[in-house]
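Thank you all for coming. I would like to take you through one model this morning, starting with its overall fold and then turning to the charged side chains and the surface.

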Amino acid sequence: MGFLDSLKAWFRTESEEARDLLDSTKSRMEADLDRREAEAAATPSERMEQLQEQIADGDDAFDAIRDKIEGRGLRAEAAEEVAEAAGAAEDAIEDAELVDEAEADGGPDTGAAEEPTA
């Protein structure tokens, strides 16, 4: 494949992407225009209902933000609890006593092997 063929292919893909972008932008603008026309043609009572719906949508957005913030707060508390538990575990390990193996088995701690008695 030559340089011109690769250049043509690149222009083809770029033009397809530009067409897709234009189509999506056009559809969004048409939807926005339709919404604005409906708002302009609405009676005062319909407009009041639309405003109340917008306010409710805004409240939902604030609730979602609040939930995110509270979730982050809960995660921070959980991380703090884990850190405290890890610190307590490290303190317990440092405070642990070393036990001689013979004591752990239940035998006397003489340090030497016992001699049989006759």
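Before I name any element, let me say that helices (H or I, at least four residues) and strands (E, at least two) are taken here as DSSP runs, numbered from the N terminus. What you see is a predicted model, in which local features need pLDDT of at least 70 and side-chain atom pairs count only at pLDDT 80 or more, while totals for chains, interfaces and linings use all residues. Residues are numbered from 1 along each chain as its sequence is written, and side-chain values use heavy atoms, with hydrogens and water left out.

The protein has three helices and zero strands, and along the sequence it reads α-α-α. How far does the predictor trust it? The pLDDT, which is the predictor's confidence in each residue on a scale from 0 to 100, has a mean of 80 for the protein, with 73% of the residues reaching 70 or more. Where pLDDT is low, the predicted coordinates should not be read in detail.

On burial, I call a residue buried under 20% relative accessible area, exposed over 50%, and partly exposed in between, with a 1.4 Å probe and protein chains only. Of the 118 residues in the protein, 2% are buried. Accessible areas come from the Shrake-Rupley method with a 1.4 Å probe, and for residues only the protein chains shown count as cover. The accessible surface comes to about 10,700 Å², and 56% of that belongs to carbon and sulfur atoms.

Let me turn to the charges. Side chains of opposite charge can pair when their charged atoms come close. A salt bridge here is a side-chain nitrogen of Lys or Arg within 4 Å of a carboxyl oxygen of Asp or Glu, and the structure holds five of them. One joins D32 to R35, at 2.5 Å from N to O; these two are three residues apart in helix α1 and are therefore separated by about one helical turn. D32 is partly exposed at 28% relative accessibility, and R35 is partly exposed as well, at 39%.

R35 also forms a salt bridge with E39, with the closest N and O atoms 2.8 Å apart, and because they are four residues apart in helix α1, about one helical turn separates this pair. Which residues are linked in the network of salt bridges? They are D32, R35, R36, E39 and R47.

In helix α2, residues 44-95, D63 and R66 are three residues apart, so about one helical turn lies between them, and their salt bridge has its closest N and O atoms 2.9 Å apart. D63 is partly exposed at 31%, as is R66 at 44%.

Finally, the surface patches, which are made of residues with over 30% relative accessible area and no salt bridge, joining like charges within 9 Å and nonpolar side chains (Val, Leu, Ile, Met, Phe, Trp, Tyr) within 5 Å. F3, L4, L7, W10 and F11 make a nonpolar patch of about 580 Å². L4 lies in helix α1, residues 3-41, and is exposed, with a relative accessible area of 58%.

A negative patch is formed by E46, E49, E53, D57, D59 and D60. D59 is found in helix α2 and is partly exposed, at 42% relative accessible area.

How values were computed: Lys and Arg count as positive and Asp and Glu as negative; His and the chain ends are not counted. The place of a charge is taken as NZ of Lys, CZ of Arg, CG of Asp or CD of Glu.
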